[in-house]
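Hi everyone, thanks for making time for this. I'd like to walk you through one structure, so please have a look at it on the screen.

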Amino acid sequence: MPTLEDALPGYSLFNFVPPRPRTNVNGNPDEWEVMELAKIARFVMAQTAFEFGTFNGCTALVLSETVSGRVFTLDLANGMRPKLPRCA
């Protein structure tokens, strides 16, 4: 199975040793996950980010400080369910 280093050569040069990831807290991803997203966005010099499942915008805020362009977000209103077929 390919690793992140396979997809982004040089990524491991940042020498960041993350804590063990936890499950999300109150709908937000763990801070480790947010920092990894920001690190990847900075590494690839992202100009645009698109976040699915915005919740309260904490991750979008971090991405807005990381990418050089715009951040787009998409979230469903409370009680809405996607009308897409489920993957098997």
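Let's start with a question: where is the place of M45? Residue M45 sits in the loop between α2, which covers 31-43, and β1. Keep in mind as we go that this is a predicted model.

For background, most residues other than glycine have a negative phi. M45 also counts as exposed, because its relative accessibility is 66% and the cut-off for exposed is over 50%.

Now move along to F55. This residue has a positive phi of about 55 degrees too, and F55 is not a glycine either. You'll find F55 in the loop between β1 and α3, the helix at 58-66.

Next, the aromatic rings. A pair of rings is described by the distance of the centres and the angle of the planes. How many aromatic pairs does the structure hold? The count is two. One joins F50 and F52: the centres are 4.7 Å apart, with 40 degrees between the planes, and the pair is tilted. The other joins F50 and F72, which are stacked at 6.4 Å centre to centre and 20 degrees between the planes. Why is that pair called stacked rather than tilted? Because 20 degrees falls under the limit of 30 degrees for stacking.

F50 belongs to strand β1, residues 48-52, and F72 to strand β2, residues 70-74, so the pair ties together parts 22 residues apart in sequence.

F50 is partly exposed at 46%, and F72 is partly exposed at 34%.

Last stop: charges. Side chains of opposite charge can pair when their charged atoms come close. There is one salt bridge in this model, and its partners are the side chains of E36 and K39, at 3.3 Å from N to O. Both residues lie in helix α2, three residues apart, which is about one turn of the helix. E36 is buried, because its relative accessible area is 11% and buried means under 20%. K39 counts as buried as well, at 15%.

That's my tour, and I'm happy to go back to any residue you'd like to see again.

Key. Residues numbered from 1 in each chain as written. Predicted model: local features only at pLDDT ≥ 70, side-chain atom pairs only at ≥ 80, totals over all residues. Heavy atoms only, no water. Phe/Tyr/Trp six-rings, centres within 6.5 Å; stacked < 30°, edge-to-face > 60°. Buried < 20%, exposed > 50% of the residue type's maximum accessible area, 1.4 Å probe, protein only. Helix = DSSP H or I, 4+ residues; strand = E, 2+ residues; numbered from the N terminus. Salt bridge = Lys/Arg side-chain N within 4 Å of Asp/Glu carboxyl O.
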